[in-house]
Amino acid sequence: MKPTGPIPPYFAADADGMLMIGGNRADALVEQAGDTPLFVYDLDIVRQHVARLRAAMPDGLALHYAIKANPWAPLLAGVAELVDGLDVASQGEMEHALATGMAASAISFAGPGKRDRELAAAIAAGITINAESEGEVARALAIGDRCGVRPRLAVRVNPSFDLKGSGMKMGGGAKPFGVDAQRVPALVRTVVAAGADWRGFHIFAGSQSLDADAIADTQAQTVALAAELAEAAGQAPPHVNIGGGLGVPYFPGDSAVDVDAIGAALARTLDRRADILADTRFAIELGRWFVAEAGVYLTRIVDRKISHDAIFLICDGGLHHQLAASGNFGTVIRRNYPIALANRFGGDSAETVSVVGPLCTPLDRLGDNVGLPRGDVGDLIAVFLAGAYGATASPTAFLGHPAPRELLVNG
Ligand SMILES: *Cc1c(COP(=O)(O)O)cnc(C)c1O
């Protein structure tokens, strides 16, 4: 038997042993949605996360949601009411963000390879463009001139450091993201000289870290770098987005990141900041930390079979909806996400099984040799940590199965 990641602390069984999600029985949610596979998101869990972060972080720090983690409109509308800004990475995401009613001035648009029509739409809407290159700045300035609109431009910096221990490194060395730090001061001067509305810096050094000390160190380096670049450019930045990087515990042995320690360290970092940042507003941008634990993926067992003494529970859902849980989204070694038999939730492990999906590929595995109560055809499997990088980060068209259903509770 192989271990699984920890089930988030928000879930329990009712008297029948049925998994409850936000006060609802899992089987009732499936009935309400009409079928499996189904993603359920509990907005109350997101509310708890946002409140916890606000309490931990220094006063005045803006909390931004990076919507690529989960852009599903009903969830996004709920999250938008809780946070101070939205970060998008395409025109499509920009349209989703604007549809929530979030002020354009609180939306920023990062991501390499922005096309002219994307830049034009962002400039017309009054969204801040986090420019990823000198070429992108030149195109944005030209589009602003042509449309007679003063673009709001921040410069995304490729820092020389990265977030230690992070699952996905976004800074340090040659990168397609941001402008190398040594070239940033000249670019800021260009933006200001062109008469654009220079919004400041965006510095994002990594993702999915559970190490509070590493995150705090990165934040201190980020604030110091912002000051250094501002001094070199001779311009005080109105705004600095210091990135995010707070991870969630997906795997065996993982535990929640200590947000109180990060908040206390960030308060010290900001108290000691250089004078040129005295009037700067700071923001942190998080995707998965807000929403991952709020989601559960429910899939039904379609077949139970034995092969060479191994038990396979074959489900109607799989990697085409939950690529990350299958171990094929940015992980080197496959480890088990938290997984359970939803209709005997909390029951003793009676057998060791592999939970697989319906795709004709050995990669389609949601649980590898996990201990579960006995599961039969018709039973429901729950995969946790399904609130981020689920449906939209998975190859939903692969093999032509239906798209997953999605449901919001406590919206
Ligand atoms: C993906 C991304 C995020 C969100 O990352 P999480 O690990 O989900 O918090 C934030 N900022 C930028 C620039 C990103 O590309």
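**Close-ups of a ligand site and a helix pair**

**View 1. Arginine 288 reaches the ligand.** In this predicted model, a polar atom in the side chain of arginine 288 sits 2.8 Å from a ligand oxygen atom. Arg288 is also listed among the closest residues around the ligand.

**View 2. Tyrosine 389 and the ligand.** Here a polar side-chain atom of tyrosine 389 lies 2.6 Å from an oxygen atom of the ligand. Tyr389, too, is one of the closest residues.

**View 3. Glutamate 285 and a ligand nitrogen.** This view turns to a nitrogen atom of the ligand. An N or O atom in the side chain of glutamate 285 is 3.0 Å away from that nitrogen.

**View 4. The shell around the ligand.** How many residues surround the ligand? There are 11. The closest are Lys68, Ser207, Gly287, Arg288 and Tyr389. Sorted by class, the shell holds five nonpolar, three polar and three charged residues.

**View 5. Cover over the ligand.** On its own, the ligand has 390 Å² of accessible area. The protein covers 91% of that area.

**View 6. Helices H2 and H9 cross.** H2 spans residues 43-56, and H9 spans residues 259-271. Their axes come within 8 Å. They cross at roughly 35 degrees. Is the crossing of H2 and H9 left-handed or right-handed? It is right-handed.

**View 7. Residues where H2 meets H9.** H2 brings Arg52, Leu53 and Ala56 to the contact. H9 brings Val259, Asp260, Gly263 and Ala264. By class, the contact residues of H2 and H9 are four nonpolar, one polar and two charged.

Terms used. Residues are numbered from 1 along each chain as its sequence is written. This is a predicted model: local features need pLDDT of at least 70, side-chain atom pairs count only at pLDDT 80 or more; totals for chains, interfaces and linings use all residues. Side-chain values use heavy atoms; hydrogens and water are left out. A residue is near a molecule or strand if one of its heavy atoms lies within 4 Å of it. A polar contact is a pair of N or O atoms within 3.5 Å; within protein, one must be able to donate a hydrogen and the other to accept it, and residues adjacent in sequence count only if both atoms are side-chain atoms. Accessible areas come from the Shrake-Rupley method with a 1.4 Å probe; for residues, only the protein chains shown count as cover. Ala, Val, Leu, Ile, Met, Phe, Trp, Tyr, Cys and Pro count as nonpolar, Asp, Glu, Lys and Arg as charged, and the others, Gly among them, as polar. Axes are lines fitted to C-alpha atoms, for helices over the stretch in contact, and angles run from 0 to 180 degrees between N-to-C directions. Helices (H or I, at least four residues) and strands (E, at least two) are DSSP runs, numbered from the N terminus. A crossing is left-handed if the near helix is turned anticlockwise from the far one by less than a right angle, and right-handed if clockwise. Contact means heavy atoms within 4.5 Å.
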